[in-house]
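Reader: Hi! Could you walk me through this one, please?
Author: Happy to, let's have a look together.

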Amino acid sequence: MSADIKFLVVDDFSTMRRIVKNLLHDLGYKNVSEADDGNTALPMLKTGKFDFLITDWNMPGMPGLDLLKHVRADAALAPLPVLMLTAEAKREQIVEAAQAGVNGYVIKPFTAATLKEKIDKILASRAASAA
Amino acid sequence: MSGSHFHERREHYATLLAALGEALQDGDEAGFHACARQLGEGFESDTMQDLRQITDGLHAALLRFRHDSRLDDLATREVPDARARLEHVLRMTDDAANTTLDLVEQSCPIADRAATRADELLEAWNGVPRPSRNVVRSYLEETRSGLGQVREKLSQVLLAQGFQDLSGQIIRSVMKLVDELEVALTHMVRISGGSLEPSSMLRADVAEPALSARGFGPVVPGVAHGLTVSGQTDVDALLSDLGM
């Protein structure tokens, strides 16, 4: 895994997408695409062009949790690393996301260091399981 | 016809009925008709009076509702205004965030360019021949101009954050209106026989029984959200407990 990783950032607020995109750029990841909800994201993911999904939870159309469930239910997409980046703070929600197969959960407001730490951790665990 | 009218006019009806009976007995057709007409007029007049009273009461109630209650004003003007104010806040915050992001995106390449040129210059400085005065001067001029641009953009970033003050004021005024609306609605519910206390209806977590797939939004201090995490450390601890 390297700077060539293709990210898809899903959030209904364009400003948040820009913030995440800029943070990813600063971390050296230049290949970042955007979608504004699960309905837009899913067909993009199905093209098979993405290596990492970062998604918000609370979005109109298809929310992030449903997107996660769709990804895990699709054999081709199931191995995709998914990081939830959200303001949803109920303990039961975090448990539900974990049960649905999320790889990381970052709560808003967040710092660049937290985002980096979670991405690094997910990628490291992927690399270890692939080795 | 109300009971009080009947009692007031009891004697009048008794006289008329007696006269009606007499005229009937005497075979006085004209007298009989006259008495019967007077009786009918009396009934009509009583019904009209009752109707007038009901109409007046209704009219007064409508007027009182219009003048005394703030609901009319709230519903027709202030709530739509509040919606517009919140939309404005949303637009303002969106604009400010985008302006800030634009400025940061414009500043980063300037800083990057200056750093790259400094690296190149340092590398050349260690070699032979050393860079000419002109090359060094050109770098210094370019850097001075670039840093001036970055400084200017940082000032604009600061200015763009001014939305916070304005939006804060607008939101505070909308909160005041919501308070007033709550009181008015509670009053209305009380009039209609309910027992709603202020705030109980606003604090009710409608989505609480079932976990909504759509999400609940950010935690707002003072609003009941159920069991929540207080930050990333809590999230990490919870996920760790779950074996992640």
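**Chain B and its partner**

Author: In chain B, 56% of the contacts with a separation of 6 or more join residues 24 or more positions apart; a contact means C-beta atoms, placed from the backbone, within 7 Å. This is a predicted model, where local features need pLDDT of at least 70, side-chain atom pairs count only at pLDDT 80 or more, and totals for chains, interfaces and linings use all residues. Residues are numbered from 1 along each chain as its sequence is written, with chains lettered from A and ligands numbered from 1 in the order in which they are written.

Reader: Thanks! How many helices and strands are there in chain B?
Author: Chain B has eight helices and zero strands. Helices (H or I, at least four residues) and strands (E, at least two) are DSSP runs, numbered from the N terminus.

Reader: And how many residues does each chain bring to the contact between B and A?
Author: Chain B brings 25 residues and chain A brings 24. On the chain B side, α4(B) gives the most, with five residues.

Reader: Switching to chain A: where is A:Val102 found?
Author: A:Val102 sits in the loop between α4 (91-99) and β5 (104-107) of chain A.

Reader: Why does A:Val102 count as buried?
Author: Because A:Val102 has 25 C-beta neighbours inside 10 Å; buried takes 20 or more other C-beta atoms within 10 Å, with C-beta atoms placed from the backbone.

Reader: Which residues does A:Val102 contact, leaving aside neighbours within four places in sequence?
Author: Those are A:Leu68, A:Val82, A:Met84 and A:Ala97.

Terms used:
A residue is buried if 20 or more other C-beta atoms lie within 10 Å of its own, exposed if 12 or fewer, and partly exposed in between; C-beta atoms are placed from the backbone. Two residues are in contact if their C-beta atoms, placed from the backbone, lie within 7 Å.
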